[in-house]
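Let's take a look at this protein together.

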Amino acid sequence: GNPELPTAVNITWSSINFKTILQWQPKPSGYSYTVEIHGQTTDTKKKCISTAETECDVTDVLRNVKETYTAHILSVTSSGMDNFEEPPFAVSEKFTPYSQTVLGKPEIQNYTQKGSKLNVVFQDPLTPYTFPNGSFRSIRDIFQDDLEYKLYYWKDQSSGKKAATTKSQKFEVSVDSTKNYCFYIQGVIPSRRENRNGQDSMVLCTSVGRTILDEYGAEVFIIVAVIAIAIITLAIVLSVILCKRQKAKAAREKEPLNGV
């Protein structure tokens with residue numbers, strides 16, 4: 001090979017819901033890169049041949065998600081792949097999609113708070129892999145019983161969280177019927193040692209039975225109360241003044257006229 005060509009450094013795997021991108025450095029100048037994916041039991045596959053980029057989407061060659069792969073990033077010249085000499089290359093860390101891909105955000109489809117029950121329905125994240133009919137496989141289709149979800153929920157404007165777990169696509173938890181609740185969902189693979197918890201869904205809040213105090217806080221309630229007391233006090237004072245004036249007027253009208 002050509003020992004003078006730089007080889008790739010800082011090689012990383014980035015994978016969410018099995019969409020996997022290989023990244024490295026530095027930007028090539030006067031040469032290019034070719035990626036080889038080596039599996040323990042699968043044939044070597046080339047990707048991003050003679051690329052000037054420093055990333056490569058390798059999702060489609062990692063279909064055997066329980067296989068462990070390494071990437072060889074070859075530094076090649078324009079004629080480097082045509083001769084019998086092996087070009088210089090760098091080797092990545094091992095990567096197993098099944099145990100290392102990050103679980104993406106679940107999509108919340110519907111939620112209701114009726115009485116003392118909070119119901120949340122959500123959808124599994126999809127993967128780039130398809131069934132024979134062309135529909136996309138979800139992470140549940142791949143992980144099956146290894147996948148579960150956690151619901152984290154708390155009273156609106158409170159910091160105390162509770163958690164519930166399910167292997168289905170819905171939650172039903174008991175709540176205080178007089179309070180509103182906020183919540184989010186997270187996928188979990190309990191069998192993993194690392195990357196057990198997935199990304200959080202968006203946070204949503206119910207709005208059943210929301211009071212003015214819930215909406216605006218205690219400060220506004222106190223201000224309104226002070227204003228109300230001031231108005232009542234002013235009304236009482238004005239009533240007393242008017243009453244005294246009426247009594248004084250009536251007393252003057254009953255006095256006899258002078259000189260009669």
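The largest nonpolar core has 44 residues, and Leu 22, Trp 24, Ile 37, Val 58 and Leu 62 have the most contacts inside it. Domain 1 (9-99) and domain 2 (107-212) both give residues to this core, so it lies between them. A nonpolar core here is a set of buried Ala, Val, Leu, Ile, Met, Phe, Trp, Tyr and Cys residues joined through side-chain atoms within 4.5 Å, and the domain bounds come from an automatic or database domain assignment.

A quick word on the source: this is a predicted model, where local features need pLDDT of at least 70 and side-chain atom pairs count only at pLDDT 80 or more, while totals for chains, interfaces and linings use all residues. Residues are numbered from 1 along each chain as its sequence is written, and side-chain values use heavy atoms, leaving out hydrogens and water.

Now for the strands (DSSP runs of E, at least two residues, numbered from the N terminus). Cys 48 sits in β4, residues 45-51, and Lys 162 in β13, residues 162-166. How far is each from a partner along the chain?

| Pair | Apart in sequence | C-alpha separation |
|---|---|---|
| Cys 48 and Val 58 | 10 residues | 8.6 Å |
| Lys 162 and Val 173 | 11 residues | 10.0 Å |

Is Lys 162 buried or exposed? Lys 162 is exposed, because its relative accessible area is 52%, whereas Cys 48 is partly exposed at 26%. Buried means under 20%, exposed over 50% and partly exposed in between, using a 1.4 Å probe and protein chains only.

Definitions and conventions. Helix = DSSP H or I, 4+ residues; strand = E, 2+ residues; numbered from the N terminus.
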